[in-house]
Amino acid sequence: MLDYNEYSQSELNKLIPIQDEFKEKYKIDSFSHWFYDDDLKIIRLYNDDKHEIFFKYIPIGTYSLTSETWMWSWFNNDENNAETVKIKNFGLENNYRKLYEGTFPSDIYDGWEFLAISFNILDGIGVYTLNTENLNYYLLLIENLNSEKDSNIKILKQQVLDCPNHGLQRKAFVCQHLNLEKPVGFIEAFDTYPKMELEEEDLQAWCNDCENIRRKHNGWNEESEPYAQIKLICENCYFEIKNINQ
Ligand SMILES: [Zn+2]
Ligand SMILES: [Zn+2]
């Protein structure tokens, strides 16, 4: 039996040429932006000229740049991640500790080995990593979706906003006074960072004046809301505004 290092290295060596071919076939490197929906498990790669491609994925795990730890997606207790339990079970059968411990101190290289192992066990067609400020997401791509016919892509497009500057992005809400020209303060409903995982809540922010009025009227209600005239913008616009207002 191979020890873990030999096994993971041989899986990685197998993945590299397959991944090169995959990237060539779908021109993966030609896309400069990404957007993903973790409920639908669909990632969209796209360009400013609206050229786009969609893949179904299985989330394998995340690497936290702040705590320098790996976390398997099954460890999150998300029933949608049931497929990845197969990797855990494989780890238990072979006594590969890194495959059956949910979370542990790690580095960015572990994730690539895990992708290679997942590729074999879960039948991938390619792999993709999303890097955000705090977290790297490791995704196993399992299917290229036809954007004309796939019903989940229609759902995805309804949930997002087609921003004239940034293309399909998640929705965010700001008061009418927030803009890119002049700082007016930036009060948020909760702490945010770009591409963060959102549960039920949307990104929401308002200016200092709105905050004074909100406090005077004990929160957002019929009296305080008319002053804010909340408008819908895209997530990228939201963080551009946040940057100049902080
Ligand atoms: Zn305002
Ligand atoms: Zn935008």
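His177 has a relative accessible area of 22% and is therefore partly exposed, in this predicted model. Cys207, in contrast, is buried, its relative accessibility being 1%. The cut-off that separates these two states is 20%, since buried means under 20% relative accessible area.

The zinc ion (ligand 1) is coordinated at 2.0 to 2.3 Å by Cys175, His177, Cys207 and Cys210. The cysteines donate through SG and His177 through ND1. Angles of 102 to 114° are subtended by the 4 donor atoms, so the arrangement around the zinc ion is tetrahedral. For comparison, the ideal angle for four tetrahedral donors is 109.5 degrees. Along the chain the donors have the spacing C-x1-H-x29-C-x2-C. His177 and Cys207, 30 residues apart, link distant parts of the chain. Their positions and accessibilities are listed below.

The largest pocket holds about 830 Å³ of space. Because domain 1 (4-159) and domain 2 (162-245) both contribute residues to its lining, the pocket lies between them. The lining comprises 32 residues, and Asp38, Asp39, Arg170, Glu197 and Leu198 are those nearest the centre of the pocket. By class, the lining has 12 charged, 10 polar and 10 nonpolar residues. At least two lining residues come from each of β1 (33-37), β3 (52-64), β4 (69-72) and β7 (135-145). The most are given by β3, with 4 residues.

How values were computed
Residues numbered from 1 in each chain as written. Chains lettered and ligands numbered in written order. Predicted model: local features only at pLDDT ≥ 70, side-chain atom pairs only at ≥ 80, totals over all residues. Heavy atoms only, no water. Donors = N, O, S within 2.8 Å, 3.2 Å for Na, K, Ca; no water. Tetrahedral: all angles 85-135°; square planar, octahedral: opposite > 155°, others 65-115°. Buried < 20%, exposed > 50% of the residue type's maximum accessible area, 1.4 Å probe, protein only. 1 Å grid on protein atoms, 1.4 Å probe; cavity = no way out; pocket = protein on both sides within 12 Å on 5 of 7 lines; lining within 4 Å. Points joined across faces, edges and corners; volume = space filled by probe spheres on them. Nonpolar A, V, L, I, M, F, W, Y, C, P; charged D, E, K, R; others polar. Domains from an automatic or database assignment.
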